[in-house]
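This briefing covers a single model, grouped by topic. The sequence and structure come first, followed by notes on selected residues and elements.

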Amino acid sequence: MSNRTPVFDQQPPDELVSEMASLSSEAVSADFFVLVEALKLRFGSSLEAVLLYGSCLRSHEIGDGVVDFYAVVNNYGGAYPERYLRRLNAWLPPNVFYLEVSQQEKKFRAKYAVVSMADFEQGTRHWFHPYLWARFAQPTRLLYARDEGIRRRIHHALAHAVITFLKSTLPTLTASIVNVETIWTNGLTQTYAAELRPERAGRARQLAQFNLDEYAELTAYATPALPGRLEALADGNYRCLTDAASHRQSLWRWRLRRLQGKVLSVLRLAKAAFTFQDSISYAAWKIERHTGVRVEVTPMLRRHPLLWGLKVSWRLLRRGVMR
């Protein structure tokens, strides 16, 4: 399913690439590498890179949580012996799976998404929908790269994600003079609204504040790649250079992204029923964890995960839990 929009693919500033390389190489708990080794065994020579993101990264430990990984593979043909998984992954990336590893009486759990290097690079640069570039403009850790060439490609893709994020969200701002917190809170709000996400109100501002120093650095290094869009001011604030016509066009594009996102989210939820072990229990747990809303999983709905997904999505949309 094509999600791309043609744009000129300029190289990101070297300083931004270096900053993403530095941030993505910061140390994490050794527990995460237990799961990385399992992914290396799972995919063998087809595995190009493993990226860590999400709530366990922010808390710096696994605890009783479920780790979020992206497994980047060289191609879907080499990643799967099953033809249907190859086709599903190529049709609507990523495929999402569950991983559980026991070591020394400890149990580690992860949710990992599989995407090809080609789709990862396209998704952080050219996709119209923010599914990939919104995730990877945020803090991440590169826990494995097959070689230095792959590592450099990942760093460039992460830098492109920041530029795409800012380029796509800045025109929705209404104020002309803004600070870093406003830029990223607005951007995260726009991208969250483009998916069926069980997030509490104010979550975007909380995340922007949590990583504010990193976002300040990224914004400063990305600004040279945003001529005519963003101007740095001497006091640390920024001037948004969007005119009225561009602002209206941007709002229209984000309405399309929200509509597209609802459809893609339902399709990905349906696809996960065939790839994600016990996806129903995981989805119910995540909804309750993020919103405090308990979702009952009846035996009938467990037997019919597609029906469960559609029913629950509709109910949460009507209640305003998902937007």
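In this predicted model, the side chain of Ser168 comes within 2.8 Å of the backbone oxygen of Thr164.

- Beyond its neighbours within four places in sequence, Ser168 is in contact with Trp133, Ser250, Trp254 and Arg257.

**The largest nonpolar core**
- The largest nonpolar core is made up of 87 residues.
- Phe43, Phe69, Ile154 and Trp184 have the most contacts inside this core.
- Once neighbours within four places in sequence are set aside, the contacts of Ile154 are Ala49, Leu51, Val72, Met117, Phe120 and Leu142.
- As a general background, nonpolar side chains in soluble globular proteins tend to be buried together.

**Asn186 in helix H9**
- Asn186 lies in helix H9, which covers residues 180-193.
- Its relative accessibility is 15%, so Asn186 is classed as buried.
- The side chain of Asn186 reaches the backbone oxygen of Thr169 at 3.2 Å.
- Not counting residues up to four places away in sequence, Asn186 touches Thr169, Thr172 and Leu173.
- Thr172 is 14 residues from Asn186 along the chain, and the two C-alpha atoms are 8.0 Å apart.

**Helix H11 and what covers it**
- Helix H11 runs over residues 212-222, and its buried residues are Glu214, Tyr215, Leu218, Thr219 and Ala222.
- Viewed down the axis of H11, these buried residues fall within an arc of 130°, so they line one face of the helix.
- The cover over the buried residues of H11 includes the helices H1 (14-24), H8, H9 and H10 (203-210).
- Strands E7 (230-232) and E8 (238-240) are also included in that cover.

**A cis peptide bond**
- Pro93 and Pro94 are joined by a cis peptide bond, with omega at about 0°.
- Pro94 sits in the loop between helix H5 (83-91) and strand E3 (95-103).
- For context, most peptide bonds are trans.

Technical notes: Residues are numbered from 1 along each chain as its sequence is written. This is a predicted model: local features need pLDDT of at least 70, side-chain atom pairs count only at pLDDT 80 or more; totals for chains, interfaces and linings use all residues. Side-chain values use heavy atoms; hydrogens and water are left out. A nonpolar core is a set of buried Ala, Val, Leu, Ile, Met, Phe, Trp, Tyr and Cys residues joined through side-chain atoms within 4.5 Å. Buried means under 20% relative accessible area, exposed over 50%, partly exposed in between (1.4 Å probe, protein chains only). Contact means heavy atoms within 4.5 Å. Helices (H or I, at least four residues) and strands (E, at least two) are DSSP runs, numbered from the N terminus. A polar contact is a pair of N or O atoms within 3.5 Å; within protein, one must be able to donate a hydrogen and the other to accept it, and residues adjacent in sequence count only if both atoms are side-chain atoms. The arc is that of the directions from the helix axis to the C-beta atoms.
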